[in-house]
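Trainee: I would like to learn how to read helix packing and a sheet. Can we work through an example together?

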Amino acid sequence: MGKSRILIIGATGKLGYHLAIASLHFSHPTFALVRDSAFSDPRKYDKLHSLSNAGATLLNGSLQDEASLVEAIKQVDVVICAISSNLVLDQKLLIPAIKQAGCIKRFIPSEFGLDPDKVQISDMDYNFYSRKAEIRRLVEAEGIPYTCISCNFFMSFLVPSLVQPDLETPPRDKVTIFGDGNTKGVFVKESDVAAFTISAVDDPRTLNKVLYLRPPGNVYSLSEMIEIWETKIGKKLEKIYVTEEELLRKIKETPYPANLKMIFIYSTFIKGDQTYFDIESSGGVDGTKLYPQLKYTTISEYLDTLL
C-alpha cells in the first residue's frame, strides 16, 4: 500500500509548516492549500517557496471558496487542518467539502492542544475549547474518519518563561509557583507534534481516536521544571506561591485576552487538565507508546537552549 496523499490547510502557520515538512520527510505526496494573498506576505512566501522546493504541491484555494476546496480535497486521501485556534469554526466550511469529495480516508481537525472534551474550565476560557469540541461533534455526526491530536502545550508556549506569565525569558532570581506546584503539565515541540501526527495518518490504531502526546521527558510539574532550571543555572530561586483563589481573582481582574495565559496555567497546573485522566481507559491512544522510534526534544533539552 502506498503512502497517503496529504493536504495541509494552514501550511504557512507555526505548526502547519512543520506538518508539511514532516509529511515530506516521511515520503507522503504532500499538498498545501494556499490563498493568493499568501504570496504577497514575505514570511509566508519564503515558507511556501521552501515547501515547493522540497517537493510539496501548492494548490490555490481557501476555506471560504468551496469549489477550490473540493477540487483540492479530491486530489488527496488525508486532510490535516492546522489553522489558528481563533479560526477553528472556519472548519464548518471544510466538513461538507470533505463529505462532498467522498475520498478522504482520514481527517485531522485543528485541535492540537488540550483535549476539548476533557478540560474542566469551559465556563472561563471564552469558548476556546468549546469551539474545538463543536467541530469534533460535527465530524463525528457526518461519519468522517478522523484522528484528533491532543498534544497539550507547544514547547514554545510558557516554557521560555518557565511558566511566568509576565516574563519572556526564564527567571534567574525569583519565580512564581501557582497552586502547590505539584500538578503536572505537558509540553511538546511543534516539529515533534508534526512527526507524531504524520505517523498516525495511515495507522489503523488511531482511526476515530484521540492520539494523546505525553512523552516521558515532557511531563513535569512546575516545581520539577523549576528544579531542572535551578540545576542548569547552579542557583536556587526565591519561590513565591500564588494560591488557586489568588490566581482566580487575578484572572477575573485582568481583561480578556490578557488573562488567557493565566487561564491556561490554572487549567494545567491547578486543575490538572492535561494529566488527570488515564489515556487508555478514556478510549484514547498514547503516541509515545505507538511510535517509540520517534525522537523528541525533552523539556530539559529545550531549557538548555535558553541558558
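**Helices and sheet**

Mentor: Start with helices H3 and H4 (residues 94–101): they pack at an angle of about 50°, and their axes lie 9 Å apart. This is a predicted model; local features need pLDDT of at least 70, side-chain atom pairs count only at pLDDT 80 or more, and totals for chains, interfaces and linings use all residues. Residues are numbered from 1 along each chain as its sequence is written, and side-chain values use heavy atoms, leaving out hydrogens and water.

Trainee: What describes two packed helices?

Mentor: The angle between their axes and the distance between the axes. Axes are lines fitted to C-alpha atoms, for helices over the stretch in contact; angles run from 0 to 180 degrees between N-to-C directions. Helices (H or I, at least four residues) and strands (E, at least two) are DSSP runs, numbered from the N terminus.

Trainee: Which residues of H3 and H4 make the contact?

Mentor: Contact means heavy atoms within 4.5 Å. H3 gives Glu66, Leu69, Val70 and Ile73. H4 gives Leu94, Ala97, Ile98, Gln100 and Ala101.

Trainee: In what order do the strands form the sheet?

Mentor: Two strands pair if DSSP finds at least two bridges between them. Here 5 strands form an open sheet, E3-E2-E1-E4-E5, with parallel pairing. Strands E3 (57–60) and E5 (106–108) are the edges, each pairing on one side only. Neighbouring strands are turned by 20° against each other on average, direction ignored.

Trainee: How many bridges join E4 and E5?

Mentor: E4 (residues 78–81) pairs with E5 over 3 bridges, in the parallel sense. Valine 78 stands opposite arginine 106 in E5.
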